[in-house]
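Please look over the sequence and the structure shown below before reading on. The briefing that follows is grouped by topic.

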Amino acid sequence: MENSTSITSEIITNDLLPQKFGKLGMIWTGVLIAFCLVGAFAYYLQLKNCLSVTAMRDYVSWGIYISNFVFFVAISLVGSLITAVFRLANVKWSTPLTRIAEIIAVSAILFASLIIIVDMGRPERLFNLFLYGRLKSPIMWDVIVIGTYLFLSLLLLYFPLLPDLKILMGSRKGSTKKYNKLYHFLGSFWKGGRLQNMLNKRAVNVLCVTIIPVAFCIHTVTSWLFATTYRPGWDSTNFGAYFISGAFLVGAGGVLIAMYIFRKAYNLEKYITEKHFDKMGRIVVLLALLYLYFNVNEYLVPAFKMKKSEDAHLTQLFAGDYAPIFWFAILAGMIIPILILIFKKGRKPLPALIAGILVVVGAWFKRYLIVTPTLLHPFLPMTDVPENYKHYFPSWQEWAIAMGSLAGALLIITFFARVFPIIPIQETINEQHETTAK
Amino acid sequence: MKNNDTSRREFLTAALMAGIAGGCSSNNTFRPGEDQIIPSGEMVKLLSVDGEIIEVDKAFLKPIPELPPITNSEERIGIEGKKFVMVIDLSRCKNVGACKSECNHAHHLNPGQNWIKIHAMQEAEHTAPYWEPATCMHCDEPPCVKVCPVDATFKRMDGIVLIDSDRCIGCRFCMAACPYSTRVFNWQEPVAEKEIATQHYSCETSVPQKIGTVSKCDFCPDMARKGELPHCVSACPNGVFFFGDMNEDSVTNGAETFRFSDLIKDKAGYRLMEDLGTKPRVYYLPPVNRNFPFETGLKTDTIEKNNAK
Ligand code: SF4
Ligand code: SF4
């Protein structure tokens, strides 16, 4: 048996080993780094002049930093969906996608934590959370669950990586040679014996079981940052489920994009097949329908009643200043992707990529709509404040920092794929074994 | 006030009062030099700092200009035995804005910041417009306190909600949570004279403002400790604001004093957004039988002053 598959194993290994950046990869990385640098410069300005460089003021006291935070938390949920849920359900076809999903999760949750620090008026007092933390505050719940989720996600990325590290260390290919020290540091204890393999498998199973409730928590608690206030548009008992369904959708959309790009960039057509796009496409349709359902609940029911406090808010969304973004988010973020992916032809790689992009972009604007318009409709009129307090449009520094953080998350994913195999090698080999053995 | 014996006795009593219960408003016209103190022979018993009873000649008692600063933990507990309450009589307000400018001045607020906001209100198209000054409601179930992750905003035994700007991390969750939109953020380095800016921050005076932290109306507990009224109350020429203690069941605007419970009952007092369950400590008297028509408050100069950057 060892003999019959040794060739395939070699080919697989060879195909999946990390590769050097091509010309496009270089440009891509350069652009991302440029975005990050501009963002870092903007943050330097913000540190110097505090939040006055933003367009946030007393009424709109949360802006795109917070919507970006919600976006990151949302997209990070995908790690648990693809890795944990599918693993536990014994869904085999998702194996090549697990690591993609997990690294998206890790980098997104990392930048979620960073952007929330960026939003603080006194970032240097972060330690106060530990000195004086009050468990009654939803922010503390968020700190706890996000910390836990980051930790579990890192482990869930790391454990399945161990067998691959061994392969990497054994490889003679030039593209991985210079990282040998890193591989040794991370995985030199891994011998791949029966006991180790069993322990690892168990650990991954335990992680999968624990990470699902934690994943639900991170986004539910994040939704409670809004739902625990009285504001129209936030004061909803529906918010936890609404946020989670949206999170699964944007995460799945993100995976569609990543699948397409990695497939193209690393010539992985053999591993990420059209079948994968087909299956992921179906999942996105399901999730988009679910999210649409929650949106109908979230907007139609209050709109039916049109309470005075909700009226101004909803009118502004449906037909006012925010109507273009609102309808864009609904159409591009949900309806058009459904229409594309519902057809078999739409689930081919290219249309699936387009649908994925629409989902993710729509989702970003959706988060913006959840945060900002509500704050423009306080219960008491906006009085005794300068005129510019009554509107909100992000300043260039805010844009730069927000875009920089998105670029940063992508950069982590890019570097990860440069250093580690983005598709699990050992697992793919094992699966190959199983299929040939049958 | 000349140097005769009776006035000196009066003054001494008043000075002692300032230390004990407050309520002293006499100025120090009497400033004896060290050498001028002549023992009066009249002794008073005092409790020393280490708990001994000592006797001192009355002539040696000096008024304390400012009460010694209190610690942060004392500031967090509040003034014992008090339950502060405010009543705002909407029938008297004509948007003069003296409350606001006095408050801004006393707390060294920056341009664009107002702790008191005077809303032009009209419930519905055909109902009467009126002016509604709004402070922090010092809610008994304060949403802002519930959400603060570091206990930087807190509720005291005497009912006051304060902010510890030395602890606030600037997350602004409290601003989102407060339904009365009363909170103000220091988006940039607050401008203040050097003596003010270098002071040690006190939760009770809310001075000096700190960059990247939140601030709001504090009910002037520093004034209460001195036995004086909050700045807005004494500044309003129309006596709109009444301040007092629920335990004593009395409120005053400086000129008139009412039994709090009677006032609320007789004038049908109410609180803002009762349905949210925040239980404000600020009560409003409805704008009926008004002293001024609404329009008098619309005079452009007042509006300009109020909207000044
Ligand atoms: S009015 Fe707002 S800031 Fe004041 S105690 Fe109530 S919730 Fe807190
Ligand atoms: S801004 Fe300051 S006072 Fe308000 S919730 Fe955050 S830490 Fe507490």
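For sorting residues into classes, Ala, Val, Leu, Ile, Met, Phe, Trp, Tyr, Cys and Pro count as nonpolar, Asp, Glu, Lys and Arg as charged, and the others, Gly among them, as polar. By that scheme, the shell around ligand 1 consists of eight nonpolar, two polar and two charged residues. This is a predicted model, in which local features need pLDDT of at least 70 and side-chain atom pairs count only at pLDDT 80 or more, while totals for chains, interfaces and linings use all residues; side-chain values use heavy atoms, with hydrogens and water left out. Residues are numbered from 1 along each chain as its sequence is written, and chains are lettered from A and ligands numbered from 1 in the order in which they are written.

**Ligand surroundings**

- The shell of ligand 1, where a residue is included if one of its heavy atoms lies within 4 Å, contains C136(B), M137(B), H138(B), C139(B), P143(B), C144(B), V161(B), C178(B), Y180(B), T182(B), R183(B) and K216(B).
- Around ligand 2 the residues include C148(B), C168(B), C171(B), C174(B) and R172(B), and this shell divides into nine nonpolar, two polar and one charged residues.

**Chain A as a whole**

- Chain A has 17 helices and zero strands, where helices (H or I, at least four residues) and strands (E, at least two) are DSSP runs numbered from the N terminus.
- Along its principal axes, the C-alpha trace of chain A spans about 80 × 50 × 45 Å.
- Of the 438 residues in chain A, 58% are buried, a term that means under 20% relative accessible area, with exposed meaning over 50% and partly exposed in between (1.4 Å probe, protein chains only).
- Among contacts in chain A with a separation of 6 or more, where contact means heavy atoms within 4.5 Å, 82% come from residues 24 or more positions apart.

**Nonpolar cores and a buried helix**

- A nonpolar core is a set of buried Ala, Val, Leu, Ile, Met, Phe, Trp, Tyr and Cys residues joined through side-chain atoms within 4.5 Å; in the largest, which has 208 residues, F226(A) and M280(A) touch the most other members.
- Helix α11 (residues 239-266) of chain A gives the most to this core, with 17 residues.
- Not counting residues up to four places away in sequence, M280(A) touches I82(A), W93(A), L97(A), A252(A), V255(A), L256(A) and M259(A).
- Helix α7 (residues 161-170) of chain A is largely enclosed by the rest of the structure, because eight of its 10 residues are buried.

**Backbone features and a loop residue**

- Most residues other than glycine have a negative phi, and most peptide bonds are trans.
- M306(A), which is not a glycine, has a positive phi of about 50 degrees, and it is found in the loop between α12 (274-305) and α13 (308-318) of chain A.
- D151(B), also not a glycine, has a positive phi of about 65 degrees and counts as partly exposed at 24% relative accessibility.
- V207(B) and P208(B) are joined by a cis peptide bond with omega of about -5 degrees.
- E80(B) counts as exposed, at 78% relative accessibility, and is found in the loop between α2 (72-77) and β3 (84-89) of chain B.
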